[in-house]
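Me: I'd like to learn how to read a model like this one. Could you walk me through it, one feature at a time?

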Amino acid sequence: MAIPRPLARAAPTDRVGGWSVPDRLLPHLLLWPAMIALLLIFAYPLGWSFWLSLNAYNITRPPVFVGLNNYILIVQDGRVWEAFGTSFLFAGISLVVQFVIGFGLALLLHRVVLFRGLIRTIIIIPLMLTPVVLGLNWRLMLNLDWGIINYFLRLFGLQAINFVNDPKWAMASLILVDVWHTTSFTVLVLSAGLASLPDEPFEAASIDGASTLQKLWYLTIPLLRPLILVILLFRSYELIRVYDIVFAVTGGGPGRLTETISFHIFSRLFQGFQVGYASAISYVLFAVCLIWSIVIIKVVGIKGTHE
């Protein structure tokens, strides 16, 4: 007697828009439309701008292919490296100041019991403001003649300060505006990290007689290292390529004292119409940000993993 062979099972299917789709194809069907859209949105502009960086093109005449000549000119252009130096000076000081203040506020907020939600809401308000609008308001408040800050300085018998146009105060004013704007990001990230830390290591350290500073240095900071890495990556990348606050507060002045690299690219593109050269500087900026991100990951991320 012949044994009947089992019938082959059909592949599991789902219904999408009235069509039967095998399960193994469904993820691709859902993923690729978004991927194609991202490629069209990002890949084409990136490819076109890179092609422009290999051409001498200033809008008034057709592009002329010059190869790597624009990148060679960047190496010889002192103004570009001066703008890079300004960007790193601004980014370094601002990052350190806002991280120290943000970490301190996060530690204080972690100990607060009453009105913690209200305090967090107040802290996050600056982060919700548009940078250009925020910068213009700060420019008015820092104004020499009718700014509210100089009004209070005069009210207490102090000399008014030309924050925006004085070379001694222009960079400090930019750093002040950025710290006020984005310190809340550090506070929120570290507050969430502090709330998620386990209690057992700290209880054991207290039993062993560890001081508050020892627990902060040997427990809190190492346990928060992944979040610290996120903060350093996000904020340093944004600070190196800062443009909007510079445009709204100082306009790159006085002179070129606060001309960051992104503001310099803007000047080359929209004032000098040097499209090819500005595109080349943009790709150099991209490479610098990429290298800086890799350095941060190597120093903070991998070290934290092995420990």
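Me: Is D178 buried or exposed?

Reply: The model is a predicted one, so read every value as computed from it. Buried means under 20% relative accessible area. D178 has 4% relative accessibility, so D178 counts as buried. D178 sits in helix α7, residues 170-195.

Me: Which residues is D178 in contact with, leaving aside its neighbours within four places in sequence?

Reply: Setting those neighbours aside, D178 touches F90, S94, Q98, T183, R235, L239 and I245. Two residues from that list, R235 and L239, turn up again among the buried residues of α10.

Me: Then let's look at α10. Which of its residues are buried?

Reply: R225, I228, L229, I231, L232, R235, S236, L239 and I240 are the buried ones in α10. Here is the general idea: an α-helix has 3.6 residues a turn, so residues three or four places apart point the same way. In α10, the buried residues fall within an arc of 165 degrees seen down the axis, so they line one face of the helix.

Me: What span should α10 have, at 1.5 Å a residue?

Reply: Its 16 residues, 225-240, should span 22 Å, and the end C-alpha atoms are 22 Å apart, which agrees.

Me: How does α9 read by the same steps?

Reply: Helix α9 covers residues 212-223 and reaches 15 Å from its first C-alpha to its last, close to the 16 Å expected. Its buried residues are K215, L219 and T220. They cover an arc of only 90 degrees around the axis, which puts them on the same side of α9. These buried residues pack against α3, α7 and α8. The face turned away from the buried side carries the exposed residues L213, W217 and Y218.

Me: At what angle do α5 and α6 pack?

Reply: For a pair of helices, look at the angle and the distance between axes. Helices α5 (131-141) and α6 (148-155) pack at about 25 degrees, with their axes 6 Å apart. Angles under 35 degrees count as roughly parallel, and α5 and α6 are therefore roughly parallel to each other.

Me: Which residues meet there?

Reply: From α5 come W138, L140 and M141, and they meet I148, I149 and N150 of α6. The residues of this contact divide into five nonpolar, one polar and no charged.

Me: Is L155 buried or exposed?

Reply: L155 is also part of α6. With 53% relative accessibility, L155 counts as exposed. L155 and L127 are 28 residues apart in sequence and 30 Å apart in space, C-alpha to C-alpha.

Notes:
Residues are numbered from 1 along each chain as its sequence is written. This is a predicted model: local features need pLDDT of at least 70, side-chain atom pairs count only at pLDDT 80 or more; totals for chains, interfaces and linings use all residues. Side-chain values use heavy atoms; hydrogens and water are left out. Axes are lines fitted to C-alpha atoms, for helices over the stretch in contact, and angles run from 0 to 180 degrees between N-to-C directions. Helices (H or I, at least four residues) and strands (E, at least two) are DSSP runs, numbered from the N terminus. Angles under 35 degrees count as roughly parallel, over 145 as roughly antiparallel, 65 to 115 as roughly perpendicular and the rest as oblique. Contact means heavy atoms within 4.5 Å. Ala, Val, Leu, Ile, Met, Phe, Trp, Tyr, Cys and Pro count as nonpolar, Asp, Glu, Lys and Arg as charged, and the others, Gly among them, as polar. The expected span of a helix is 1.5 Å times one less than its number of residues. Buried means under 20% relative accessible area, exposed over 50%, partly exposed in between (1.4 Å probe, protein chains only). The arc is that of the directions from the helix axis to the C-beta atoms.
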